[in-house]
Amino acid sequence: MPPTEGSPLVGVFFEGRAAGQGGSDARTGSLRRKAIIAGVALLLIGGAIGFALYDLLPWRAYFDASLRLFEDRAAMAAYIKSWGILAPLAFMFVQAFQVVASPIPGEVTGLLGGIVFGTAIGFLYSTIGLTIGSIACFAIARWLEVRFVERFVPKEISAKFDFLTRAEGIIVTFVMFVIPGFPKDYLCYLLGLSHMPWRTFLLVSTIGRMPGTWLLSVQGSNIWHGNYWEFGAVLVATVLVLVYAGALLVLFLFVVMLIDFRKVNLDWQALKPSTVLAGVLGILLFVQFYKVIQKVSLPGAEAVDGTAQAIGKLLFSRQVLPFELTSVLLLAAVVSVVVLAKKDAS
Amino acid sequence: MIGLNHYLVVAALLFVIGFLASSCARNILLVLLSIELILNSANLSFVAFSSFLGDLTGQVMVFFTMIVAAAEITVALAIVVLLYRKKRSTDTDTLNTLKW
């Protein structure tokens, strides 16, 4: 998009903002429309500026190179090394930028850190960069909230996000940060709009991001040392994340929202005899498992790649009968859920 | 180098945590979540064995486990919602109508 298209929109944008500042509550309808126009204009201008600057700024080459990562990693490492002492700084900047520009996925840059700096150092730099980026998102959202959101969004709606600042909300947020594949960058903006305190946000986002960052760094340094994905289970990994993060957790969240937790006792009973018994049983169980596992040793077979093609072939030839049976199971589940969910089911 | 045994130990840990949580948790949602944990520990060992035996059947099994888990969780959550409507609680200790 050519940047010149931005100029007429600037007029609309400022008009909308000026009207927003001068307007009274009586004209909220037209105000809201103007606010929406202003928001769209802001996005368009941002996009135009982004496209215009894309060719000029140094990170273009850096970023394009990081996307070509899998084709030529020797050249990539050489490129990063060519930054010399500035390489860590450049890497941290890319990590932070990747968070602020939310649609860019962080997985690629996380791998990059492991490839260039090794596991531990890459993890350190990634964490610093991600923290800076998260704080930037949070600050931008806070600023926007004070400037725009509080003025246009009714109090009742913004109050609905306040559950995020209570204890169980903080745990839910933390879990969201831990889940691999969850859009954490958008989450930072969302949390900036809630009334979560700075300190809590910093703690939750930094610690919550750490496990994923560590795994990416390990994976990256593995790639550098020549062993690609240790498990050739790409399809299974992708589908698991999609099903769990996308479907099951959303389902759980819906049910959690249906249930009023203020009335529910969430306390864990402190050390009942049954809890102690379960603990002892658990430890025994683990010891038992461990002893069995120690006996397991397999001659290393040659790696198989769990691509969609290979798994699909197996699924529709040798495993076709269980596959058809699962469809019956799913049908039964659908029917029973429909029956259960009907209002007068009981 | 991470070997097969490391993955199996992680799977065993997941299983034990899921077992402990499902037997100690008093909130029925937590019980369901820990059952997911147990299912996924099985998934992990399936994938580990599949990778170290060079046989893709283990990965196909994960798909079946996932389908069963999805079916189970949808039905279970529907039951949880119904229970909550009847009892106004998700505490497992209140579900004692089968006791005599």
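Of the 346 residues in chain A, 21% are buried, where buried means that 20 or more other C-beta atoms, placed from the backbone, lie within 10 Å of the residue's own. This is a predicted model, in which local features need pLDDT of at least 70 and side-chain atom pairs count only at pLDDT 80 or more, while totals for chains, interfaces and linings use all residues. Residues are numbered from 1 along each chain as its sequence is written, with chains lettered from A and ligands numbered from 1 in the order in which they are written.

Chain A has 15 helices and zero strands; helices here are DSSP runs of H or I of at least four residues, strands are E runs of at least two, and both are numbered from the N terminus. Of the contacts in chain A with a separation of 6 or more, 79% are between residues 24 or more positions apart. A contact means C-beta atoms, placed from the backbone, within 7 Å.

Now chain B. It has three helices and zero strands, and buried residues are 40% of its 100 residues. Among its contacts between residues at least 6 apart in sequence, 48% join residues at least 24 apart.

How do H1 and H2 of chain B cross? The axes of H1 (residues 4-24) and H2 (residues 28-53) of chain B come within 8 Å and cross at roughly 165°; axes are lines fitted to C-alpha atoms over the stretch in contact, with angles from 0 to 180 degrees between N-to-C directions. H1(B) and H2(B) are therefore roughly antiparallel, the word for angles over 145 degrees.

Next, the interface. In chain A, 52 residues are in contact with 45 residues of chain B. Helices H12 (234-258), H13 (273-295), H14 (308-315) and H15 (320-341) of chain A each give two or more residues to that side of chain A.

Last, the cores. A nonpolar core is a set of buried Ala, Val, Leu, Ile, Met, Phe, Trp, Tyr and Cys residues joined through C-beta atoms within 7 Å. The largest has 33 residues, and those touching the most other members are A:Val236, B:Ala11, B:Phe15, B:Val47, B:Ala48 and B:Val62. H12 of chain A and H1, H2 and H3 (57-87) of chain B each supply at least two of its residues. H1(B) gives the most, ten residues. A second, separate core has 25 residues, including A:Ala96 and A:Leu216.

Note on methods:
Contact = placed C-beta atoms within 7 Å. Buried ≥ 20, exposed ≤ 12 C-beta atoms within 10 Å, placed from the backbone. Parallel < 35°, antiparallel > 145°, perpendicular 65-115°, else oblique.
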